[in-house]
Amino acid sequence: MPFTVPKERWTAEVQTVTIGATEAEGGTRTSTVTIGGDQSLPFLHFEGDTPYGPVIAVEILDEAPQGWPEPLAEHYRDVWGDPAAWAQKAVEEFGADMICLRLASADPEGTDASADDCATTIRSVVEAVGVPLIIWGCGNDDKDNEIMPFCSEAAARERCILGSATEGNYKTICASALADGHLVINESPLDINIQKQVNILVTDMGMKPEDIIMYQVTGGLGYGVEYAYSILERTRLAALGGDRMLQMPMLSIVGSEAWRVKEAWQSEDEAPEWGPLERRGIIWEAATATLFLHAGTNILVMWHPQAVSHVRHHVAGLLSG
Amino acid sequence: MPTVNITFEDYEIVAPAETGETILEVANRAGVRLASYCGGRGVCRQCEVVITSGAVQPRDRAHGYQQPGPDAQGMSVLACQSVVTEDVTVQIPLRSRAEDFTIRDTEPLPSGLVDLARFLPISALTRQFVLTLPQPSREDTVSDLGRLKRGLLAEDPEVEPVTIELPVLRELPLSLRENDFKVAVAVTDSGPIRKISAVRPARAGQSSLGLAIDVGTSNVAVQLVDLATGETRGGGMRRNGQIAYGEDVISRIIWTQQAAGRLDQMGQAIRATLSEILSYLYNRYEVAAEDVIAVAVAGNATMINFLLGIDSTPIRRSPHTPPASALPVLEGGKLGLDVHPQAAVFCQPAVSGFVGGDITAGVLATGMYESEELSLLVDVGTNGEIVVGNNDWLMAASTSAGPAFEGVGVEAAMPAAAGAVTNLYYNPDKDVVEYETIDNQPPRGICGTGLVEMLASLAATGVIDRSGNIDADFDSPRARQADYEPEFVLFWPDEAAIAEPISIRQHDIDNLLRSKAAVLAGITVLLANLDLAAAEIERMYLAGAFGASLDVDKAVAIGLLPDVPRQRIQVVGNSALAGAYLALMCRAGRREANAIASSITYVDLSTDVRFMDEFVASNFIPHTDLSRFPSVDV
């Protein structure tokens, strides 16, 4: 008796979203990125199309990072402190599809850089690279509300993604995105209901669903990532099931979360049984990224160039069926 | 121990204290009532006071906190965490003053729920027979008790079988002879056998009275009832004095476990509350405690336990079993109630640890257990309880709604009394809040009904978003940043004849939303357990903290209730008190209450994996899944 592969039939698909605007579209990007359109659970080609596949954004900081382990630091030490150079290296040498610029220097508990300083940084990165940008604040609500209008304006009409809108703080960032033609990242504390609530709040502000990217705050491998997987998978299932308010593409932060885990950075003297430090963090980051790929994420935000290349290879294999 | 003086400025009271005492302890002793819901553990942070001169020491470093007071005057501290070591002067901000324990008249019993015709013949828990018995003679040598029974049977053959207890029998011979065999006999219906509970002199115009009592976690209400006719003389209510030991049942149970003698103290608190209400009623309606010969009580299992002095620890622990479901008929004197010592006390039977006699009473009063219609009863109190079913089956669940809709923990709230805002509507064009109050008095606070309308109106006008965030930049001076959080001023002092504005703060809104989310999630998950959709509910009763003036449209608009056709929703008020009244007046009512309690199946939502998910989804106006609220304009 012949075996028939059981197939799910879905009625809806993930929203297709294009990031970045070329000259023809009013911006200055030399390339744009399109994601979404998925018609099935990730990579189940026999059930539905995956027209675009996932993309990788390399994350850079606007100031020199503190305490990065050597296997990571060695690739970036020559450029950190110069975000434009860092962005260029990430694109030209490591093949980043996008740049995710985190404005760490704005943190009032750290450098406390001004809105003007941040805007200047953004202009320099916009000029330095042609790929689309993700611009992320420092994580302090009040300070981000202060700098984001200036940062948004500094990249006006480039169709960047601004991060992040939360349930308790979304108005300023949405107003900026609406004014300057950007997308916005809607963040939720690993809860599918709150994700949907933020999406509704933000669309109530006038943002279009196709200008929204969803982000669940997840940890790295070893930090309860199974639960994160189930939340992302449920979100994709809801999208395929026709829930308009959960059909936006998803973004996952991989680099900073994976490298936070002890196994990724502890020295060989402290943990000889874990094997060579130079490979551990890379494997940890690649494994975390792979897991989110299979859960249905569309944008991976990563750090290490070799982890990026491993994941890219894996994605190529998955997409070719 | 050296003694120091604590000056409570606002009250012009100077209270002596021993070093090492907390300000809260001293205040309680001095009769200065501070808000406190956690039993002085430094958790609820309600008892904040300002030290304007002198200094205090933190009792527990983890909880103690000091920060500059308002306008940088003095230091702001928690009274329960501040130990006195020297003379200090204390200011008490309005928001830290205790709940209003004033006794208020209750609204009349909800007329639709207290139809005695459902349970004819009327047969009160204790019936009084005024008898003139023939004196014993050579021809009639029957015993005193036999004589009494003969007299009773002549009045009502149904009194048999009837018995008497030793203390009453001991007094019987003297009582009969002192009163020339003209006596008022109280006969209590304590189950299959009746009991002669008192033999008293017959006086002209003597009345036999009873009490219907609802012991709620936050509010206690009493109705004074004429047992012969079923007419209510009047009713009174006030906050439950146990609130000082915790605002919900769990924190009160924990409080009783923390030291010996506290279970007693908890019992005394409810007796004191009842005693205040009773003396108010007795004075007002010129009634003697002696004449109150029957009491029917409805309350959740923990409240009944505290009244009876029974340890409630098992209710707190899984599987949350109550010590007893149906209780025997008890004696008022033994419970320390200000009624006739032998007055009969009937407690509405509980279904489970968290679905108590108040709910049995509600089911009894609504009659949903007799109807073919699929009905849902939601009682929004400090616990939200939900019953669904019809004349074939009933299922119930409990959800910890919290006391927000009863006004506890919401600064602008007050009970439904004169000056309470029942209906309100914010008009952004004129920037005024249009309102109605009870007795048309100037607004003094918002009652449960008004809180629902307020949420609906603020959401509809965009003052709050669907998550309940107050928009501090909203185009009105009413929306502003308060000390630590945004607030919306409902009434300015000149609009309300008050000293300080009445406003709603962010944490008030958050509390109200969590309450409504718990109720809606409870309904949704209970129905999901039965594979029922809300649309299949043919009748929905909303009981508890809401008055009949509530616009049910608003209750649906904020997602307190599921979106069903509005004519199916009926706001019934205090159904627990109505059920207690029916049990007080009707034998069939008492029998039905026991049958209802044993026929309801309890569903434990705390072990249902769907509950938390539904709760978060419901913590939104009206709900995260808007398709479930098709009739709500969003």
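Analyst: Across the interface of domain 2 and domain 3 of chain B, in this predicted model, the rule finds 1 salt bridge, a term for a side-chain nitrogen of Lys or Arg within 4 Å of a carboxyl oxygen of Asp or Glu. B:Arg200 forms a salt bridge with B:Asp291, and their closest N and O atoms are 3.3 Å apart. Domain 2 covers 125-201 and domain 3 covers 208-347 of chain B, with bounds that come from an automatic or database domain assignment.

12 residues of domain 2 of chain B are in contact with 14 residues of domain 3 of chain B, where contact means heavy atoms within 4.5 Å. Together the two domains bury about 920 Å², 61% of it on carbon and sulfur atoms; buried area is the accessible area (1.4 Å probe) that two parts lose on being put together, summed over both. B:Leu125, B:Thr126 and B:Arg200 supply 52% of the area that domain 2 of chain B buries against domain 3 of chain B, more than any other three residues.

As for how the model was read, this is a predicted model in which local features need pLDDT of at least 70 and side-chain atom pairs count only at pLDDT 80 or more, while totals for chains, interfaces and linings use all residues. Side-chain values use heavy atoms, with hydrogens and water left out, residues are numbered from 1 along each chain as its sequence is written, and chains are lettered from A and ligands numbered from 1 in the order in which they are written.
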